[in-house]
Amino acid sequence: MCHVGQEVSMSRAVPEHKRTWTTGTAPGIFPLLGHGIAFYRRPLAFLNSLPAHGDLVEIRLGPQRAWMVCHPELTHEVLMDPHTFDKGGPLYDRLGKLMGDGLVTCRQPTHRDKRRLLQPGFRPSHVAAYTDLVTEEAASVSDTWPVGRTVPVTEAMMTLTTRVISRVLLSDALDDATTAEVRDCLTEVVRGLFVRTVVPIDALFRLPTPANRRYRRALSRLHAIIDTAIAERRGGADRDDVLGTLLAAARGDGGGAAITDQEVHDHLITLLLTGVEAPALCLADAFSLLARHPEAEHRLHAELDAVLPGGRRPGPDDLPHLVQTRCVVSETLRHSSPGWLFTRVATRETELAGCRLPAGATVLYSPYLLHHDPSSFPDPERFDPDRWLPGRPTAAQRRALIPFSAGNRKCLGDEFAMVEATLALATLAGRRRLRHLPGYVEEIPRPGITMGPRALVMACEARSAAPSSATSLTPRTVAAPGASDSRTAGDHVVDNT
């Protein structure tokens with residue numbers, strides 16, 4: 001095993017020169033709870049404190065030992081060896097109860113077949129076909145934002161991404177009311193997953209507390225909605241969507257081994273969860289960051305006015321010209337990546353950074369930590385979309401940016417997510433300008449399973465008019481289509497392949 005302050009020579013991660021890895025143990029371990037209190041109360045500050053103790057730092061998740069990887073090359077060593085560092089640990093143990101044996105939670109031996117089944121729906125050719133779907137839903141959202149009023153941005157983005165992914169998965173099977181219910185159930189479920197991950201003590205979550213009851217009700221309702229959609233499709237016509245692909249596989253069409261009804265269900269739950277939270281939080285954060293950085297906002301608007309005059313909806317041919325827009329998305333994912341903490345489990349006794357890890361050891365990595373490392377990204381707290389202009393990022397920076405993970409478990413829908421966020425941002429920002437309300441103070445993010453603004457409300461201005469004073473805006477919130485009265489939205493995502 002490794003010891004505090006131990007240094008070892010790196011033999012694999014950077015072949016062109018030797019590096020010395022350092023290892024250590026994070027202080028402040030509480031009996032039974034470990035570092036769970038620090039993770040829950042001040043997660044980002046706790047993460048930022050870890051590199052001072054080593055490139056690989058031992059922590060406690062409840063009473064369990066775990067190891068946090070704090071360097072990009074060590075992180076890639078883990079992610080590029082999924083046979084040794086497989087999906088697992090407290091996060092995936094919890095997700096397995098929600099998603100079953102879907103693409104996110106399945107172990108490496110079954111991963112390839114599952115990915116091959118789902119990959120066609122997210123190939124570049126299909127992504128282009130989704131352009132009209134995304135821009136249609138984004139335009140519909142922007143039409144509900146009256147100038148001079150306030151809008152619940154996070155809630156609207158959750159509604160937008162729920163509509164988009166439900167149409168990709170299920171065509172038009174979900175009406176507006178059911179879409180809103182799915183959104184709200186996902187919010188409740190993923191909020192409850194975080195505390196179950198950092199304090200993995202099952203007895204606490206069997207207690208009949210209001211939060212535990214809400215979690216169980218939302219989980220049950222989400223499964224029921226998916227089961228209903230599957231049952232209705234079996235009695236109807238085939239559709240060219242993900243559910244259609246899964247049902248064909250269940251019938252054994254295509255010559256492969258038939259998948260089970262439970263696998264159909266698990267795949268849909270997995271893709272629904274991973275396809276709603278991440279893009280919604282990315283978009284909400286993008287608008288918040290742009291409002292706080294007027295120069296970046298001005299460059300974005302200049303591009304949109306040139307590429308999409310009059311606020312027209314973008315099409316597939318416009319994507320190559322939305323360079324600044326995509327840079328805004330990339331920098332948002334670096335600055336405020338929704339997926340901020342993930343776990344792996346060692347399938348056998350192994351060595352990492354000179355530490356002997358036992359079989360079953362939990363290994364964690366954090367995109368947030370890597371994205372805010374000043375050695376990779378100078379002035380990491382600064383929001384600067386120009387970091388990602390063509391020719392600007394270094395190979396090391398591209399390698400350190402892992403919002404969609406890396407290796408053969410990299411997100412199945414990474415390019416779909418980038419295209420969706422780019423098109424949605426272009427459509428919305430081309431028509432409306434969002435400003436923070438008077439007295440707004442930037443808050444320290446409070447992550448759940450993922451990180452993002454929980455209930456962002458902003459003032460809406462017309463793009464064609466001169467910016468108006470936010471103090472003249474009527475402080476009445478206009479709900480997104482199908483929105484409930486709740487003003488909280490999810491802040492969670494998973495490492496989703």
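Buried means under 20% relative accessible area, exposed means over 50%, and partly exposed is in between, with a 1.4 Å probe and protein chains only. The model on screen is predicted: local features need pLDDT of at least 70, side-chain atom pairs count only at pLDDT 80 or more, and totals for chains, interfaces and linings use all residues. Residues are numbered from 1 along each chain as its sequence is written, and side-chain values use heavy atoms, with hydrogens and water left out.

**Stop 1: Gly 315.** Select Gly 315, in the loop between helix 14 (294-307) and helix 15. Helices here are DSSP runs (H or I, at least four residues; strands are E, at least two), numbered from the N terminus. Gly 315 counts as buried because its relative accessibility is 15%.

**Stop 2: helix 3.** Select residues 72-79. How many of the eight residues of helix 3 are buried? Eight of the eight are, so helix 3 is largely enclosed by the rest of the structure. The buried residues include Glu 73, His 76 and Glu 77, along with Leu 74 and Val 78.

**Stop 3: Pro 124.** Go to helix 6 (residues 124-129), where Pro 124 is found. Pro 124 counts as exposed because its relative accessibility is 65%. Show Glu 415 as well: it is 291 residues from Pro 124 along the chain, and the two C-alpha atoms are separated by 7.5 Å.

**Stop 4: two residues with positive phi.** Select Ser 171, in the loop between helix 8 (153-170) and helix 9 (176-198). Its phi is near 55°, a positive value in a residue other than glycine. Is Ser 171 buried or exposed? Ser 171 is buried, with a relative accessible area of 15%. Next select Asp 379, in the loop between helix 16 (367-371) and helix 17. Asp 379 is not a glycine, yet has a positive phi of about 50°. At 44% relative accessibility, Asp 379 counts as partly exposed.

**Stop 5: helices 13 and 18.** Two packed helices are described by the angle between their axes and the distance between the axes. Select helix 13 (residues 261-292) together with helix 18; their axes come within 10 Å and cross at roughly 45°. That makes helix 13 oblique to helix 18. Axes are lines fitted to C-alpha atoms, for helices over the stretch in contact, with angles from 0 to 180 degrees between N-to-C directions. Angles under 35 degrees count as roughly parallel, over 145 as roughly antiparallel, 65 to 115 as roughly perpendicular and the rest as oblique.

Stay on helix 13 and pick Cys 282. Cys 282 is buried, with a relative accessible area of 4%. Met 451 is 169 residues from Cys 282 in sequence and 9.3 Å away in space, C-alpha to C-alpha.

**Stop 6: the second largest pocket.** A pocket is an open set of points on a 1 Å grid over the protein atoms alone, where a 1.4 Å probe fits, with protein on both sides within 12 Å along at least five of seven lines; lining residues have an atom within 4 Å of a point. The second largest pocket holds about 640 Å³ of space. Of its 25 lining residues, select the closest to the centre: Arg 326, Ser 330, Arg 398, Leu 401 and Met 418. Helix 15 (323-335), helix 17 (395-400) and helix 18 (414-429) are the elements that each give two or more residues to the lining.

Definitions and conventions. Grid points are joined across faces, edges and corners, and a volume is the space filled by probe spheres set on the points.
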